Amino acid sequence: MDDKYYESIIKILDYIDEGIQIIDDKGRIIYYNKAARLFDGIEGETALGRHILEIYPSLSYETSTLIQSMETMSTIMDKEQVFINYKGDHITTINSSFPIKAGKKIVGAVEVSKNITQVKALSEKIVHLQSTLHKPGVKNQNVRTNEKYTFMDIIGQTNEMLKLKTLAFKASQSDSPVMIGGNTGTGKELFVQAIHYASNRKDKPFIAQNCAALPVNLLESMLFGSVRGSFTGAENRPGLFELADGGTLFLDEINSMPLELQAKLLRAIQNNNIRRVGATSTIDVDVRIIAAFNTDINEILSSGQMRKDLFYRLNVITLIIPDLKDRKDDIPLLVKFFIEKYNKKRNKFITDLSNEVTDIFMRYDWPGNVRELEHTIEGIASIYDIDIIREEHLPYQFKTLNKKSAPIKINKIKPMKEALLEAEKKLIVDALQSSNQNISQASKLLKIPRQTLQYRIKKLEIHF
Ligand SMILES: Nc1ncnc2c1ncn2[C@@H]1O[C@H](COP(=O)(O)OP(=O)(O)OP(=O)(O)O)[C@@H](O)[C@H]1O
Ligand SMILES: [Mg+2]
């Protein structure tokens with residue numbers, strides 16, 4: 001590669017959030033970017049040319065993913081590593097390491113790492129908070145946690161919704177596991193909570209955990225707890241299974257749970273007991289599992305993202321919530337419900353939608369489902385002091401819709417690249433608006449990874 005390109009690539013590497021490090025075949029550090037320098041606590045270029053274990057004395061030949069990747073000549077993906085940096089801070093990273101080859105010879109290794117120290121600290125704090133909230137003997141009724149939803153809060157009178165509510169109510173009166181499917185914003189969590197609070201476990205804990213948000217080791221110790229010394233920084237700590245004892249554990253995005261953990265989960269459900277990470281004995285637990293997934297049920301099985309045995313163990317009662325566009329008769333009811341809700345919250349006096357807006361709402365696809373509808377009304381109620389919601393009050397994504405029947409007019413032919421970038425920008429802006437500027441939800445709507453979306457937002461200079 002030409003030197004001038006090389007220089008700019010190296011410069012760009014200083015602007016990304018992931019740490020990048022390269023070692024040579026002797027294990028000496030030959031490159032690290034700014035992010036790596038920051039979370040490793042290294043000043044300037046002091047680590048260049050020095051052996052990796054000299055800079056990271058808390059690591060060893062066996063635990064350093066960079067060295068292991070070079071020694072085994074293989075790629076190591078998404079491995080958690082805990083080390084103590086030069087300043088004495090405990091740092092947890094998720095690393096992917098790749099050997100660098102020149103011909104047949106291995107000449108070094110490169111590693112990309114994500115610092116998850118804060119995520120880890122936060123998740124430990126959550127477990128701790130949950131454990132104080134649900135201390136045995138202390139009734140949790142006085143403690144206001146997040147909003148509690150009941151069947152009363154589920155709005156919907158179309159046949160599909162009525163059938164679903166009846167089925168969900170029956171499920172609440174049994175102790176069987178339940179699987180809930182549906183796209184983003186269709187109301188999965190609403191149903192899960194309604195089931196818990198209508199069941200005879202209602203005075204016991206309701207604990208929700210997203211299985212996609214955390215790396216495997218962390219999720220394992222969150223769910224099952226840990227024993228002091230079983231891994232660096234491990235403490236004697238109960239997991240969510242123990243904390244949810246007697247109550248309900250909601251495992252959201254179960255289809256994203258790493259396969260090896262799915263085996264452990266299945267064992268826990270079948271035996272009604274768990275083993276803390278690093279422990280030799282088991283602890284009995286009585287937990288009702290409700291799991292949610294957000295992809296097509298057939299795809300889950302055919303793609304192998306879920307173990308079949310676990311799937312059939314959990315899939316005793318299945319509820320699939322349809323998209324809002326497939327139950328449009330519920331839209332007027334939901335609109336009325338959210339108008340009343342946000343009138344009260346924002347002290348407004350909105351009475352209705354104009355006929356045009358009703359028409360637009362009935363034609364719109366609602367990719368963000370009920371959540372998008374709720375945010376649309378909430379947004380309007382926050383900005384305007386009006387009684388009727390008219391077209392001009394609607395956010396951006398509805399603007400083009402009314403011109404739908406008009407023939408497509410192309411004003412000016414633009415270079416393809418420019419036109420595609422514009423289209424991409426518009427799509428992202430629309431997705432962000434539909435999800436109330438929440439990047440995670442927007443990425444779900446666009447069906448792209450969150451990091452990719454973040455990168456595109458930066459790159460296309462989208463301000464929101
Ligand atoms: N039938 C409904 N009646 C009233 N409010 C609803 C209904 N369905 C969804 N909502 C509201 O829409 C929002 C999104 O619902 P919820 O969090 O349950 O969606 P979800 O299916 O879990 O989405 P995701 O997959 O993105 O987590 C919530 O504020 C919820 O109160
Ligand atoms: Mg949810």
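Two strands count as paired if DSSP finds at least two bridges between them. The model shown in these views is predicted.

**View 1. Pairing of β1 with β5.** Strand β1, residues 19–24, and strand β5, residues 105–115, are joined by 6 bridges in the antiparallel sense. Within this pair, Q21 has E111 of β5 as its bridge partner.

**View 2. The open sheet that contains β1 and β5.** The sheet is open and has 5 strands, ordered β2-β1-β5-β4-β3, with antiparallel pairing. Its edges are β2 (29–32) and β3 (76–84), each of which pairs on one side only. From one strand to the next, the twist averages 30°. Strands of a sheet pair through backbone hydrogen bonds, either parallel or antiparallel.

**View 3. Strand β6 and its two parallel partners.** Strand β6 covers residues 178–181. It runs parallel to β11 (residues 288–293), to which 4 bridges join it; here I180 stands opposite A292. With β12 (residues 317–320), β6 also pairs in the parallel sense, over 4 bridges, and M179 has T318 as its bridge partner in β12.

**View 4. Side-chain directions along β6.** V178 and I180 point one way from the strand, while M179 and G181 point the other way. All of these residues are buried.

View 5. The shell around ligand 1 holds 17 residues, of which T184, G187, K188, E189 and V370 come nearest. Helices α7 (188–198) and α15 (369–383) are the elements that give two or more residues to this shell. By class, the shell has 8 polar, 5 charged and 4 nonpolar residues.

Methods. Residues are numbered from 1 along each chain as its sequence is written. Chains are lettered from A and ligands numbered from 1 in the order in which they are written. This is a predicted model: local features need pLDDT of at least 70, side-chain atom pairs count only at pLDDT 80 or more; totals for chains, interfaces and linings use all residues. Axes are lines fitted to C-alpha atoms, for helices over the stretch in contact, and angles run from 0 to 180 degrees between N-to-C directions. A residue is near a molecule or strand if its C-beta atom, placed from the backbone, lies within 6 Å of it. Ala, Val, Leu, Ile, Met, Phe, Trp, Tyr, Cys and Pro count as nonpolar, Asp, Glu, Lys and Arg as charged, and the others, Gly among them, as polar. A residue is buried if 20 or more other C-beta atoms lie within 10 Å of its own, exposed if 12 or fewer, and partly exposed in between; C-beta atoms are placed from the backbone.
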